[in-house]
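Have the viewer open as you read.

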Amino acid sequence: MEAAVAPGRDAPAPAASQPSGCGKHNSPERKVYMDYNATTPLEPEVIQAMTEAMWEAWGNPSSLYPAGKKAKDIINAARESLAKMIGGKPQDIIFTSGGTESNNLVIQSVVKHFHANQTSKGHAGGHHSPVEGAKPHFITSSVEHDSIRLPLEHLAEEQVAAVTFVPVSKVSGQAEVEDILAAVRPTTRLVTIMLANNETGVVMPVPEISQRIKALNQERVATGLPPILMHTDAAQALGKQRVDVEDLGVDFLTIVGHKFYGPRIGALYVRGLDEFTPLYPMLFGGGQERNFRPGTENTPMIAGLGKAAELVTQNCEAYEAHMRDIRDYLEERLEAEFGQKRIHLNSQFPGTPRLPNTCNFSVRGPRLQGHKVLAQCRVLLASVGAACHSDHGDQPSPVLLNYGIPFDVARNALRLSVGRSTTRAEVDRVVQDLKQAVAQLENQA
C-alpha cells in the first residue's frame with residue numbers, strides 16, 4: 001500500500017531483540033530508520049518461516065504428495081494465526097496480495113451485491129427495493145488511504161456508485177459518528193472507516209460507529225431496507241495496538257503484512273463469509289480460497305504472514321509499550337531542542353487516542369518544507385507522509401489539510417514512525433540531525 005526506502009546495507013534493519021542503537025554499530029554515519037508506517041523489515045522468525053516453506057513446502061497446495069500436503073498445512077496454520085491475532089475465525093480469512101486488493105475486493109463486492117439484490121427483488125416484484133436505476137451509496141472519511149479513496153472516486157466518476165466523503169473533525173481529528181449517520185441514505189450499503197490514520201496515527205471511533213450502524217440496521221430491516229455493512233482498513237493498527245473484530249463490530253477488516261514485520265501480502269477478514277456477509281471474487285481461476293481469491297497460493301509468503309501474526313499475538317502489549325515510550329521521548333526532545341512555540345505536533349488532538357509509534361510534526365519556518373529538511377538530513381530516513389503522496393513536492397499533504405492543519409505548517413510536516421527496536425539513543429541522534437538540517441536551510445540566504 002505504501003512504499004519506502006527500506007534500511008539498506010548502510011542501515012541494516014534490526015530485529016526487535018537486537019536494538020540498533022547499541023554496540024559497535026552506533027556510529028555517526030549509520031542511518032536511523034523512522035518510516036515504519038510505510039513498511040517494516042522482516043523479523044528473523046518470519047524469514048526463517050518463509051525459508052523453511054521454500055525448502056519443504058514447494059509443492060502445489062492442491063496436490064496430494066508430501067510437499068503439497070505440507071504447503072496446505074502451512075496455509076491452514078497461517079490462517080489460524082491471523083484469526084487468533086484479530087479475534088476472528090479461520091474460515092473467515094481470505095489471503096490476498098495486500099491491502100490494496102483487500103480494500104478493492106470489499107468495495108467491488110458491495111457493488112455487485114447491490115445489483116444482485118436489485119435484480120432478484122425486481123424479478124420477485126419486491127416493493128421495498130430502491131428506485132430503478134439507483135446506485136449503491138458508500139460512506140467514508142476524507143482522510144482514507146488511496147486504496148479506498150481512489151476506487152470510490154472512480155466508481156463515482158463512472159456513475160456506478162454514489163460516495164459521501166465525511167470530513168474529519170478539526171477538534172478531535174476523527175470521523176464523527178453523528179456525521180456518518182447523517183450521511184446515510186436508503187441506498188447506503190457500506191461504511192468504510194480506517195482504524196488508524198497512516199499519517200497522523202489518529203485512531204478512529206470504529207466500535208462506536210459499528211454499534212450505531214447495527215442499531216440503525218434493525219430499523220432498516222423492519223422497513224424492508226437491507227443492512228449497511230461496516231469495513232475498516234486496519235493496516236496501520238495491527239502490531240501496534242490490540243485489534244479485535246468482536247470489539248470493533250465490523251463485517252470486513254483489511255490486514256497488511258508488511259506493516260507488522262511480515263511479508264508484502266495481506267488478507268481480508270469477512271464475518272460469516274458468504275453466510276452473513278457477501279463476498280464476490282474479482283478474479284476467476286482454479287478455485288483456491290474457496291473461489292473467492294483463486295490462484296495458486298504463495299505458500300512462503302503466507303507462512304511468513306502467519307508467523308508475523310503469531311508474534312503480534314504473543315508480544316503486542318510489549319511492542320505497544322516500547323513504541324509509546326520512544327515516541328513520547330521523541331516528542332519531548334523535539335520540543336526541548338526547537339522550543340514548544342516552534343514545533344507543531346500535527347498528530348496531537350486533545351482526548352483523541354492515536355497510534356503509539358507515530359509523530360507527525362512541523363518545524364515552523366519559511367524555508368523548512370518537509371522534503372527539504374529530509375534532503376539535508378545525514379542520519380534520518382523518514383518521509384513527509386504517505387508514500388502514495390510522495391510526488392506532491394512543495395504541496396502539503398491533503399490529509400493534513402483535511403485535519404485542519406494550516407497550509408504553511410502542513411507544508412513543513414515530517415512523519416516519524418518508530419519501530420519495535422528504535423532506541424532513545426537513536427532518537428537523540430535524529431533530533432540532532434534535524435537541528436543541523438534546519439540550521440543549514442536557514443543559513444541559505
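## Cysteines and ground rules

The structure has zero disulfides, a disulfide being a pair of cysteine sulfur atoms within 2.5 Å.

Bear in mind that this is a predicted model: local features need pLDDT of at least 70 and side-chain atom pairs count only at pLDDT 80 or more, while totals for chains, interfaces and linings use all residues. Residues are numbered from 1 along each chain as its sequence is written, and side-chain values use heavy atoms, with hydrogens and water left out.

## Overall make-up

The chain has 12 helices and 12 strands, taken as DSSP runs (H or I, at least four residues, for helices; E, at least two, for strands) and numbered from the N terminus. Of its 445 residues, 56% count as buried. Take the contacts (heavy atoms within 4.5 Å) between residues at least 6 apart in sequence: 74% of them join residues at least 24 apart.

## Nonpolar cores

A nonpolar core here is a set of buried Ala, Val, Leu, Ile, Met, Phe, Trp, Tyr and Cys residues joined through side-chain atoms within 4.5 Å. The largest one has 92 residues, and Ile86, Leu253, Ile255, Phe361 and Leu434 touch the most other members. Helix α8 (residues 299–338) supplies the largest share of this core, 15 residues. A second, separate core has 20 residues, among them Val110 and Phe292.

What does Ile255 touch, leaving out residues up to four places away in sequence? Its partners include Leu82, Met85, Ile86 and Phe260.

## Helix α8 and its partners

Two packed helices are described by the angle between their axes and the distance between the axes. Axes are lines fitted to C-alpha atoms, for helices over the stretch in contact, with angles from 0 to 180 degrees between N-to-C directions. Helix α2 (residues 66–86) packs on α8 at about 30°, with the axes 8 Å apart. Residues meeting there include Ile75 and Leu82 of α2 and Ala309 and Val312 of α8.

Helix α12 (residues 424–442) crosses α8 at roughly 35°, and their axes come within 10 Å. Among the residues making this contact are Tyr329 and Arg333 of α8, and Val431 and Leu434 of α12.

Note on methods: Buried < 20%, exposed > 50% of the residue type's maximum accessible area, 1.4 Å probe, protein only.
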